[in-house]
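Visitor: I am new to this structure and would like to know how its descriptions are reached. Could you show me around?
Guide: Gladly! Here it is.

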Amino acid sequence: MPTLEDAERALALLEQIQLWLTRSGNNDFDEELNYLIEILASPIFRQLLNIQTSMKELDAELRDATARILETRDLSPDGTLVTLTPEEKRRKVNDLKREASIRKVKKMKEEIVRRRDEAAAAAAATTQ
């Protein structure tokens, strides 16, 4: 996702390119460059980029808040929301860490198998 800083860099580069082309007498792309420059300099475009950045920040905050809530709350077997005791919270956090570690090890194993298979295929291809 482009940011406002990305748009400002792109705008500056396009203006430099346009100046260089104008000085060299090449006006073939003036219309297209002006169109791009107008879009990048547009207040509406900049507002959209600001909104996009704000939404990303809010999304990150929401994920963090959700994680904190889920550490202290859980669903009971009948589906009601319950507050965990400190011991239940510790157990839940440890379970989540264990699950994350297991997923990480599984990914590592898959990567090792993939690389081994690639190496075997490459070795077989070189011996033919």
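Guide: Let us start with R91 and E87, whose side chains meet in a salt bridge at 3.9 Å, N to O. Please keep in mind that this is a predicted model.

Visitor: What makes the contact of R91 and E87 a salt bridge?
Guide: The cut-off is a Lys or Arg side-chain nitrogen within 4 Å of an Asp or Glu carboxyl oxygen. The N to O distance for R91 and E87 is 3.9 Å, so the pair falls within 4 Å and counts as a salt bridge. In general, side chains of opposite charge can pair when their charged atoms come close.

Visitor: Where do R91 and E87 lie?
Guide: Both belong to helix α4, residues 86-127, and they are four residues apart, about one turn of the helix. An α-helix has 3.6 residues a turn, so residues three or four places apart point the same way.

Visitor: Why is R91 called partly exposed?
Guide: Partly exposed lies between the buried limit, under 20%, and the exposed limit, over 50%. R91 has 44% relative accessibility, so it counts as partly exposed. E87, at 39%, is partly exposed too.

Visitor: How do you know that E118 and R114 form a salt bridge?
Guide: Their N to O distance is 2.4 Å, and the limit is within 4 Å. They are four residues apart in helix α4, so about one helical turn separates them. E118 is partly exposed because its relative accessibility is 43%, and R114 is partly exposed with 38%.

Visitor: Why can we say that the buried residues of α1 line one face?
Guide: The buried residues are L4, A7, L11, L14, Q18 and L21. Seen down the axis of α1, they fall within an arc of 110°, so they line one face of the helix. They pack against α2 (30-41) and α3 (43-72). On the other side of α1, Q16, W20 and R23 are exposed. After the helix comes G25, with a positive phi near 85°.

Visitor: Why is Q18 called buried?
Guide: Buried means under 20%. Q18 has 15% relative accessibility, so it counts as buried. Leaving aside residues up to four places away in sequence, Q18 touches D30, L33, N34 and I37.

Visitor: How many of the chain's residues reach a pLDDT of 70 or more?
Guide: That is 99% of them, and the mean pLDDT of the chain is 89.

Notes. Residues are numbered from 1 along each chain as its sequence is written. This is a predicted model: local features need pLDDT of at least 70, side-chain atom pairs count only at pLDDT 80 or more; totals for chains, interfaces and linings use all residues. Side-chain values use heavy atoms; hydrogens and water are left out. Buried means under 20% relative accessible area, exposed over 50%, partly exposed in between (1.4 Å probe, protein chains only). Helices (H or I, at least four residues) and strands (E, at least two) are DSSP runs, numbered from the N terminus. The arc is that of the directions from the helix axis to the C-beta atoms. Contact means heavy atoms within 4.5 Å. pLDDT is the predictor's confidence in each residue, from 0 to 100.
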